[in-house]
Amino acid sequence: GITWVHASDIIVVLFHRGAFDEQGVLNAAAFLKVFAWLPPLMAVNSLCSRICIAGLKISVVSTFQVAANILLILIMVVGVRLWGPTWCAVALLVTYAVMVVTWYFLLIKLFPALKFRKILMDIARIVAVNIPPALLVVLWRLQQPHAGFLNLFYGVIVYTVFLLILTRCFK
């Protein structure tokens, strides 16, 4: 949430000196916005790979990962040629999203007793929990469009308070 909303502010705070010009900051912020969505998808991929390895389906994992990497390379090459370098990050996001959907059907076939849908729903809930504080931060940012670092600080405070409230509610 906060990474998506404040991508340019984060990049400015971290890298806006030296060789980073305004266009470099905008490009890096675009990459950061896309990369912010990758951790949940990567977690699902890692979990599914480990489930298959524990179930002695190592050849399935190897074949699946090779196919996913080929898909990633194809999407990256075509996307970069057609739409520019930002498609490197988009290719990762698209590939991991396809992997999660494919894992769903593959694990249902390989391990019918596994409740993979419940795992995906739990991850979706975790991602959805980020929506209310992100909306608060976006509303604040619309009210204070030129506050820069203050907006980033406010976003950190909102997310920290939200996390503390959730921790209290769901002990």
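Trainee: Where do the numbers come from?
Mentor: This is a predicted model, where local features need pLDDT of at least 70, side-chain atom pairs count only at pLDDT 80 or more, and totals for chains, interfaces and linings use all residues. Residues are numbered from 1 along each chain as its sequence is written, and side-chain values use heavy atoms, with hydrogens and water left out.

Trainee: What is the mean pLDDT of the protein?
Mentor: The mean is 81, and 88% of the residues reach 70 or more. pLDDT is the predictor's confidence in each residue, from 0 to 100.

Trainee: Where is confidence lowest, and where highest?
Mentor: Confidence is lowest in helix 1 (residues 2–5), with a mean of 65, and highest in helix 5 (residues 58–83), at 90. Where pLDDT is low, the predicted coordinates should not be read in detail.

Trainee: How many helices and strands are there?
Mentor: The protein has nine helices and zero strands. Helices (H or I, at least four residues) and strands (E, at least two) are DSSP runs, numbered from the N terminus. Of the 171 residues, 26% are buried.

Trainee: Back to helix 5. How far does it reach?
Mentor: Helix 5 has 26 residues and spans 36 Å from its first C-alpha to its last, close to the 38 Å expected at 1.5 Å a residue. The expected span is 1.5 Å times one less than the number of residues.

Trainee: Which residues of helix 5 are buried?
Mentor: Val61, Phe64, Ala68, Leu72, Ile75 and Gly79. Helix 4 and helix 6 are included in what covers them. Contact here means heavy atoms within 4.5 Å.

Trainee: And on either side of that helix?
Mentor: Gly84 follows helix 5 and has a positive phi, near 100°. Leu56 sits in the loop between helix 4 (38–54) and helix 5, and has a positive phi of about 60° although it is not a glycine.

Trainee: Is Leu56 buried or exposed?
Mentor: Leu56 counts as exposed because its relative accessibility is 72%.

Trainee: New topic. At what angle do helix 6 and helix 7 pack?
Mentor: Helix 6 (residues 87–110) and helix 7 (residues 116–129) pack at about 155°, with axes 10 Å apart. Axes are lines fitted to C-alpha atoms, for helices over the stretch in contact, and angles run from 0 to 180 degrees between N-to-C directions. The two helices are therefore roughly antiparallel; angles over 145 degrees count as that, under 35 as roughly parallel, 65 to 115 as roughly perpendicular, and the rest as oblique.

Trainee: Which residues meet there?
Mentor: Val100, Trp103, Tyr104 and Leu107 in helix 6 meet Phe116, Arg117 and Leu120 in helix 7. By class, that contact has six nonpolar, no polar and one charged residues. Ala, Val, Leu, Ile, Met, Phe, Trp, Tyr, Cys and Pro count as nonpolar, Asp, Glu, Lys and Arg as charged, and the others, Gly among them, as polar.

Trainee: What does Leu93 touch?
Mentor: Leaving aside neighbours within four places in sequence, Leu93 is in contact with Val34, Trp37, Leu38 and Leu41. Leu93 lies in helix 6 and counts as partly exposed, at 23% relative accessibility.

Key: Buried < 20%, exposed > 50% of the residue type's maximum accessible area, 1.4 Å probe, protein only.
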